[in-house]
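I open the notebook on a complex of chains.

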Amino acid sequence: MTSYRLPKGGLIDRQSPLSFRFDGKALSGFSGDSLASALLANGQRLVARSFKYHRPRGILTAGSAEPNALMTIGSGGRTEPNTRATMQELYQGLEAQSQNRWPSLDLDIGALNSLLSPFLGAGFYYKTFMWPGALWEKLYEPFIRKAAGLGKATYEADPDGYEKSWAHCDLLVIGAGPAGLGAALTAGRSGARVIVVDEHALAGGSLLAETASIGGATAAEFARQAIAELESLPNVEVLTRTTAFGWYDGNVFGAVQRVQKHVATPKDNVPVERLWRIAAKRALLATGTEERPLVFGGNDIPGVMMAGAARSYLNRYGVAFGKRAAVFTTNDSGYALARDLEGAGVELAAIVDSRADAAIAWSGKARLVKGAFVSDAKGGKSLSGISIWKDGKSETLDVDALAVSGGFSPIIHLACHRGGRPVWSDTHSAFLAPTKLNGLSLAGAVKATSGIAACMADGAAQASALLGELGFKVEPATFGAVEGDIAVPAAKAVWSIPGIKGKAFVDFQNDVHRKDLGLAVQEGYGHVELAKRYTTTGMATDQGKLSNVNAIGLLAEARGVSPADVGTTTFRPFYTPVSFGALTGAYHRDHFQPVRKSPLHDWAAKNGAKFVETGLWYRSSWFPRDGETSWRESVDREVRNVRLNAGLCDVSMLGKIEIVGADAGEFLNRIYSNGFAKLPVGKARYGLMLREDGIVYDDGTTSRIEENRYFMTTTTAYAAGVMNHLEFCSQALWPDLDVRLSSVTDQWAQMAIAGPKSRTILQAIVDDDISNEAFPFLAARDVSLFSGQLRGRLFRISFSGELAYELAVPAGYGESVADALMDAGKQHGICAYGVEALSVLRIEKGHVTHNELNGTVVPADLGFGKMVSAAKPDFIGKAMVDREGLVAEDRPQLVGVVPLDPAQAFRTGSHILAKDAAATLENDQGYVTSSCYSPHIGSTIGLALVKRGSQRHGEDVMIWNGLRNEYTPGRLCSPVFFDPANEKLHV
Amino acid sequence: MSKYRLIHRPALSDKQPFNASGIGLTALPEGHVIHVLAEQGADPSAMLKGLAEQGHSVRYAAPGQWYIVGDEPLADDALAALLTRLTPHAEGVDQSHGRVRILARGPMVERVLAKGSGTDLALSAFVVGRSTTTLIGHIAAHITRVEDHAFEIMVLRGFAESLWDDLAQMSAEFAA
């Protein structure tokens, strides 16, 4: 006695058989089947084991709320656990595995948990396993986790692609059932841009399981024709297999489309899932209702099914859910199933209606028992009978299938994602959506409308009204007469059923039964949020789609209040689980983040550069040569060569901003703490930028190229930030100034040519005279290159402390110019040097970077006190830079630091202690901000921010690395280790 | 070094045009891109209209800002003349090497760009000639509809290769 395929009927293609496997067993189905319908058609009722008690479970629903039939689909990297069999389309070769069982689904050792169930009630793990405490992590928790659970994720990489996409529309229709189709046809015919999403493979919603006709066509055929019309309209997009999972600010809806989850071998160039962000001017929720289970003993035994699901399997898939069935209902909807079952030749033993005064006429063969309840179901792995309780008496009925209908809950989740709370309606015995939803309306069953005709008309009217708000004049679409329509009046909800003997489940997925909720109230966890956490009802992958309303009803009864007083837990996205793949989209592996390449990237690569990621930039770090065995060896060579001959370094990553306008000079004078008003044309100046609070923000040079045209460089890290800062100052602080800004970072390939032979090398390509007299230190101007072939910008500035220049050329010529310089410099010993050598050179010279400009220092801390102009009337930071705390005598100040023993090294981040002080944080005097091995000094050197540092040159200290337990005796010194008189800059 | 032959290397020189039935990607010639910055309160529209009538392509960039773009590089004197023409209404900044232009063309071009951009690019909402700055995935770009089914995408040079690779991936499903 079990479920089986009917000889005819359904929307499946019986000419297209498909074979598949469940737990290794070969089975077959048809194209158009879901995995669930195919399993039922094969008589496979037992499909899962429950979470905690390992109870046998069968298929309960035909949709996305399924709590039981969770399976692992696929293998290897395509393993997907917790897939709902009710939502998985069947395909040739599908492999499905049941979960949470050992050694097999039929014989599951874990089922012994059921024997222990008296000790495993709600919150049992809060009360037990308390001692010995040490065993919790080692024994109890691992054991509990192993004994309970869902599917397991694979450790293998997912081979498939995912992506995200935006969509825009005038009207988004969510759900393509009667109301959704009514709305979509109305809107589509108006010319408005319409998107229709439906989570199933086949649009039509409840119409696909209906026996009614619309305009002379079957309901399913009407749906097919409606979708065909919609798909033919250029202004309409129909997205099936697409679940709208969230409603967000700006009337943006999240939806995930299962593009290739229904095929055996996904195409490589097409994503398997696509995450949509749909910006809708208006949206219509036509998501229908969820049928409620009833809470009676053994209501989880395979063979017990929701009535609407049983009807769906019968009419849509041609599958009977049993050979001798009964229907247990609290409302009129169960009679539609009863009629269809008898029509399909399935023996119907009884209709059990909880209403003594049920007014619906029944003319079928089955016995009708009014005012009665199914108090218990019997059976183990398959239903064998039910107990019917009426007026205090109980009778047993042998059936192998029981359909239940406890009424309907509108699917209002999305309407509650932006803060609205569900509202209990006594009239409808259901929670309804909040009102005054901005941009979102509801149509059809989701707002408790019943019947095909009424829902279609409501959808059409709602669409017409919404589009009217957008200026479209469209009459609601009309449809043919509906024959066989069933409007189900609201019926009183039934929470508690009398006469129960067995375990009556409220939440199937979490094995929460009615006594657990009573226990929660008894122990003080009666609030709906507390009860959820205490019992776990409403948790896990289904988030209580079936269980929540019954849990609330039972809590209300236990507390003696209305469900309105209990309320619901908070509805949040996602409506159904969304894969990490869909959330990640295409942004993984090589596309994880953008790569930003310098115009000299290929030049560096062909010179053998090792690259390092600096933000998004790839910077050349060092250039190893044959025979060099470590990065230090290469860097030391590069540093020595720059000091001895010359080197070329790619500095294109520096932020570069062109500032134009009649007030550009005044603007810079207010931006920098030092003076810029009198900077002559053709000159560069080092500038310090402060924040409003007086702390140093960024530094760099700015050159005056023309009277009203300046060229600013920023640090690489703060390039975008400084640009934003300047725009803010220009637009918001000083809109009266004529200043215009353009980021030219990418326009110029910029290279530092440093070293005593740099001038000689440069002169080979620069047409202008760049002698010290003609082009002195801090000169900056446009120059002619290669006998007039190209113009560039030359700056005589130095980060290394050597005679040095920075040459900017149009980026497309960068590689060629660098090649020319290397060629010209070959006879002078030029080398390429990377950011590591650059760093050594600047530390030797005592130049700061954001290691030192760490968001806590003021100019005086760095020895730049004179760069804070006292003469300027105002600049950013002026008002705050002299605050009490920023001029305190014991502030950290920039110093150099060296080890007493040159053979010893220390690390950046190490702390400075007074010579004999204990190594405690209380004795901390500052820390090393930068360090390196200096070939010039012959030891490790460092820059540090140390209390009163500028007054302590020569003092012995201890350099302490607490993380590595390293102690290095050292000495504080001047931060300028090389050419303190700056003679080399001016040669 | 007067005889040294300078080589201009386009940012996308290593990328072959992507051609599929629904979408094609082409790196446009690195001609000229001039960033036009109008003086506050000035109205350079007549001047820009005049430039457009003389064959320059003008793209709106931001309030008071435009790009003048073209496939031909401007020699120093031509660039200087163009910058002079902008005054006194506006100043110009040469971005010819700082911005790279990609042409995306084909019936699926809106679908491809929608994978990265939140802008509504339907023809009815984003007509030929309209421009905007938007993110395409993680990369900022300036896009202009140049035909019913074609967009010019302008991106910072340093991101050009990365954006090309992203666009190619976004286009892959429309390849045969």
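This is a predicted model: local features need pLDDT of at least 70, side-chain atom pairs count only at pLDDT 80 or more; totals for chains, interfaces and linings use all residues.

Entry 1: I counted elements in chain B and found four helices and ten strands. I then read their order along the sequence: β-β-β-α-β-β-α-β-β-α-β-β-β-α. Next came dimensions. The C-alpha atoms of chain B fill a box of roughly 50 × 50 × 25 Å along the principal axes. Does the radius of gyration of chain B agree or disagree with that of a compact globule? It agrees, because a globule of 176 residues would have a radius near 16 Å and chain B has 17 Å. I looked up burial too: 45% of the 176 residues in chain B are buried. Of the contacts in chain B with a separation of 6 or more, 63% join residues 24 or more positions apart.

**Entry 2: chain A against chain B.** How many residues does each chain bring to the contact? I get 42 residues from chain A and 39 residues from chain B. On the chain A side, I listed the elements that supply at least two residues each: strands S9 (162-174), S37 (655-660), S41 (740-743) and S44 (790-795), and helix H19 (814-825). S9(A) has the largest share, six residues. By class, I find 18 nonpolar, 13 polar and eleven charged residues on this side of chain A.

**Entry 3: domains of chain A.** The assignment gives five entries, among them domain 3 (601-653 + 747-842) and domain 4 (655-743). I took the centres of domain 3 and domain 4 of chain A over C-alpha atoms; 25 Å separate them. Their contact draws 13 residues from domain 3 and eleven residues from domain 4. Which elements give two or more residues to the domain 3 side? They are strand S43 (780-785) and S44 of chain A. S43(A) gives the most, three residues. I sorted the domain 3 side as eight nonpolar, two polar and three charged residues.

**Entry 4: S43(A) and S44(A).** Leu785(A) stands opposite Leu790(A) in S44(A). The two strands form a hairpin with four residues between them. In the turn, I noted Phe786(A), with a positive phi of about 55 degrees.

How values were computed: Residues are numbered from 1 along each chain as its sequence is written. Chains are lettered from A and ligands numbered from 1 in the order in which they are written. Two residues are in contact if their C-beta atoms, placed from the backbone, lie within 7 Å. Ala, Val, Leu, Ile, Met, Phe, Trp, Tyr, Cys and Pro count as nonpolar, Asp, Glu, Lys and Arg as charged, and the others, Gly among them, as polar. Domain bounds come from an automatic or database domain assignment. Two strands pair if DSSP finds at least two bridges between them. The radius of gyration is taken over C-alpha atoms; the globule rule is 2.2 Å times the number of residues to the power 0.38. A residue is buried if 20 or more other C-beta atoms lie within 10 Å of its own, exposed if 12 or fewer, and partly exposed in between; C-beta atoms are placed from the backbone.
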